[in-house]
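Biologist: I have a few things to ask about this one. Can you put it up?
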Amino acid sequence: MGFVNLARVDERLIHGQVMITLSKRDGVNSIFVVDDVVAKDKFMKDLYKSAGSRTGQKTIVMTQDKCKYYWDEYKFKDYSCILIAKTVDVMYELVKHGVPMKELNIGGIAQKDPEKDILVTKSVYLNKEDAQKLKDLKENYGVEDIYFQATPSSSKTSLNDVLKKFDL
């Protein structure tokens, strides 16, 4: 049975030194990119698969539904993956569906709605709904370590510190 070695939310998905460093984590043998738009666009899918291959890891690009199916039917086979998505919502839905993960890194989220999104770290804007989802993942779905860190060499900000900004 496979497992999620590290889950990461980053709008850039696979990029540069961050993925090369993360892909060297102990036990990692694959990268799963979960994004409906990218998975349905052959050019973009090939681009991300190529970028992932530069890490030396097998890279699989799939839709959210395909990821759920791959977990339900195959339990991710023998893959110890870094699972990457662009949004907190995608990770939330995967975990609620039953895809287990212990560690969730929030790496980079741009501001979408100036009325709702607040800057919680140097590279992450979050709204209250997503903050509540992260809190729910930690309290009710077994995601033990949720933190904000743009690059492996930058300092970590805890979920608790971010939740304080939303009075949660």
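**Ser80 and its surroundings**

Biologist: What joins the side chains of Ser80 and Asn5?
Modeller: A polar contact of 3.2 Å. Bear in mind that this is a predicted model.

Biologist: Where does Ser80 sit, and is Ser80 buried or exposed?
Modeller: Ser80 belongs to strand 4, residues 80-85. Ser80 counts as buried because its relative accessible area is 4%, under the 20% cut-off.

Biologist: Switching to charges. How many salt bridges does the structure hold?
Modeller: There are 8. One of them pairs Asp10 with Arg12 at 2.8 Å, N to O. Asp10 is buried at 0% relative accessible area, whereas Arg12 is partly exposed at 39%.

Biologist: Which residues are linked in a network with Asp10?
Modeller: Arg8 and Arg12, through salt bridges.

Biologist: And what does Arg25 pair with?
Modeller: Glu103, with the closest N and O atoms 2.9 Å apart.

Biologist: Which of helix 5's residues are buried?
Modeller: Val88, Val90, Met91, Tyr92, Leu94 and Val95. Asp89 is partly exposed at 32%, and its side chain meets that of Lys133 in a salt bridge of 2.5 Å. Lys133 is in helix 6, 44 residues away.

Biologist: What comes just after helix 5?
Modeller: Gly98, with a positive phi of about 125°.

Terms used:
Residues numbered from 1 in each chain as written. Predicted model: local features only at pLDDT ≥ 70, side-chain atom pairs only at ≥ 80, totals over all residues. Heavy atoms only, no water. Helix = DSSP H or I, 4+ residues; strand = E, 2+ residues; numbered from the N terminus. Buried < 20%, exposed > 50% of the residue type's maximum accessible area, 1.4 Å probe, protein only. Polar contact = N/O pair within 3.5 Å; in protein donor to acceptor, adjacent residues only side chain to side chain. Salt bridge = Lys/Arg side-chain N within 4 Å of Asp/Glu carboxyl O.
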